[in-house]
Amino acid sequence: MWKKLCAGAAALLALIAVTALIWLLIPQRQIPSVLESLSTNPEDVGAWDNVIAYVPLDDRTDNLEDVVYLAEASGYQVVLPPGDSYCTKLDGQEPNSSGSQYGDRETLFQWVQDMEARGCNLYLLSLDQMFSGGLVNSRSVSEPADLVFPDGSVMSETEAFDQFIFSLSENPENRIYLFDSVVRLASTVGYQGFGLTEYYALRLYGMEPRPTLEGEDLTLENVFAAYPYGADGVTPAQEGMEEAYRANLTDGMIDDYLGVRMRKLRLTDYVISALKTAPHNNIHLLIGIDDSSNTTNIQYNELHYIAKQAGRGSTLLTGLDSLARLLVGQIARDRYDHQVKTYLRYIGGSQSVPSSEYDLYTLEKTVDLHMDLFQAQRVPEDEAELQLLVMTAPEDPAKALDYCEEMVSQLEYNAQNRIPTILLEASNNTYGDMLEDMLLERVDFANLLAFAGKYDQANVTGAAFAMGFSRYLYLACREEKDDACDIAQIRQMANSMALTYPYILHTRQELNQFIELLRGNYNNLLPNPIRDRLVQGKLERAFLPRCEKVLDNLRGTRLITSLAPYAEKEIGDVSIRDPYFPWNRTFEVSFTIDVAPLASAGS
């Protein structure tokens, strides 16, 4: 018996080996990157009036496809920097063409200068990218880093900002929209040697209460001086941590962590101060709070200091990965100068509490901040031109079905009565499949101006507001409409739906379990010829069939293409293909969305 088992095992291993060898000999199918198709070539730009020169935070879906689709659906074209100059690579991945894991700062500053020379007058620029080479690297640079340009000239970070970015504000025809982040509480897993152990240790270190500063004591240097200590201002902050986590911290890790925070806050403070001196009111800064908690943690004094310093042109807001999209909405709002009369309705009853330990504010406060950002007028239902419906977690779980029915019935009513609607699904999947099934079966998503339902409540709120308000302003205020804008609207709706339901809620965990069985790391899929193909095949088999339910919701329905006068077009075929992981981790996924030409719809 034992000999038979050994022989069987040997035969199986031999078969696996032969299969792997044959597989390796077959050329691997190349999945097209979204980088190859999203950007408008500067050489093809005729007039620059509606073109946005965009330097992304990084190349994740939130900051790439989502932003480009939104801009195009709102009547703008997007020009991106060349190649991989703004991409992030995790440890062990193939580096960018510059040889680094992060964005090429010198190339990006010079690219902005080139856009100005070409006649661009709309700029959307990530300061994390311009100063640090992207969000992830901004969490690891602990000392000021000079820029060295190809001609040999050397500039400090602030000198480069003054010469290449702030100087744009001298031209009153330019409009410059900047976004920046407050450093989150932890490092990035899979970057510069940090794993989950370091992540949790540093996050808990950052979460330890610090001395709180008020009034005249709230200065930059005092904020820095309070960093290392607990609430009493004397005991080292790490002394308050559990021993199991404290043991994973070294003095060097703590020094680097505090250095990163100092550098970032100094740069943000410099930019805020510079904007107050701008010759024209044409440069704006939106600062996002990344991964926080409503406690007196290490961010507490930082946030209060920024709020105290913020003035002309600067705004502090919760959330991060929706900032670029929010600024596209700001571009549209500034262009049309129209305050939207908005009716706001919560369903579920949990808007007065944060949805998780990672949220700084309650959902209600987060929504209010975004309403203020867009200068929306809060009005009764019968006076509104736009409705914002917010689905919260169920205040009473026993009434979950009632809440779902209430939301779906309201959406059906709005569709029948041609009421422009934004659906913010901020329930954090507390309804399970019930809400998803009811929405996809009874609501035509194409009839919505916006839908967002993934990730934390801050970013999902920003995504819904950006998508809804910018699209509304385009439909209501722009006289000349463009079919390409409508195609982009379908793409961004399909993108949001597919990421929320088929991927995040159903596919991602299945993939993670599959990768663990293969002894891989789903936070950083290191190159491995056999495993890469197995994971890619699993992604396609698990994700693409589930997308059909989402796509069937869009096919054959009507898209609102104008509000003044009201008009619709019928959607033909919509398909999703070629999914892949832009960062070689399962946290986010990218894919191509194909949309057939739209047909005119009768009344």
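In the predicted model, the contact between helices α10 and α11 brings together Arg261, Leu265, Thr268, Asp269 and Ile272 of α10 with Gln299, Glu302, Tyr305, Ile306 and Gln309 of α11. By class, the residues of this contact comprise four nonpolar, three polar and three charged. Helix α11 spans residues 299-309, and its axis lies 10 Å from that of α10, the two helices packing at an angle of about 10 degrees. Because angles under 35 degrees count as roughly parallel, α10 is described as roughly parallel to α11.

Helix α10, which comprises residues 251-275, also packs with helix α7, formed by residues 196-207, and here the two axes come within 12 Å and cross at roughly 60 degrees. The arrangement of α7 relative to α10 is therefore oblique, and the crossing of the two helices is right-handed. On the α7 side the contact involves Glu198, Leu202, Tyr205 and Gly206, which meet Met253, Ile254, Tyr257 and Leu258 of α10. The residues of the contact of α7 with α10 divide into six nonpolar, one polar and one charged.

A further element, helix α16, was examined for its length and its burial. This helix runs over residues 457-477, and at 1.5 Å a residue its 21 residues should span 30 Å, so the separation of 29 Å between its end C-alpha atoms agrees with that expectation. Helix α16 is also mostly covered, with 19 of its 21 residues buried.

Note on methods
Residues are numbered from 1 along each chain as its sequence is written. This is a predicted model: local features need pLDDT of at least 70, side-chain atom pairs count only at pLDDT 80 or more; totals for chains, interfaces and linings use all residues. Side-chain values use heavy atoms; hydrogens and water are left out. Axes are lines fitted to C-alpha atoms, for helices over the stretch in contact, and angles run from 0 to 180 degrees between N-to-C directions. Helices (H or I, at least four residues) and strands (E, at least two) are DSSP runs, numbered from the N terminus. Angles under 35 degrees count as roughly parallel, over 145 as roughly antiparallel, 65 to 115 as roughly perpendicular and the rest as oblique. A crossing is left-handed if the near helix is turned anticlockwise from the far one by less than a right angle, and right-handed if clockwise. Contact means heavy atoms within 4.5 Å. Ala, Val, Leu, Ile, Met, Phe, Trp, Tyr, Cys and Pro count as nonpolar, Asp, Glu, Lys and Arg as charged, and the others, Gly among them, as polar. The expected span of a helix is 1.5 Å times one less than its number of residues. Buried means under 20% relative accessible area, exposed over 50%, partly exposed in between (1.4 Å probe, protein chains only).
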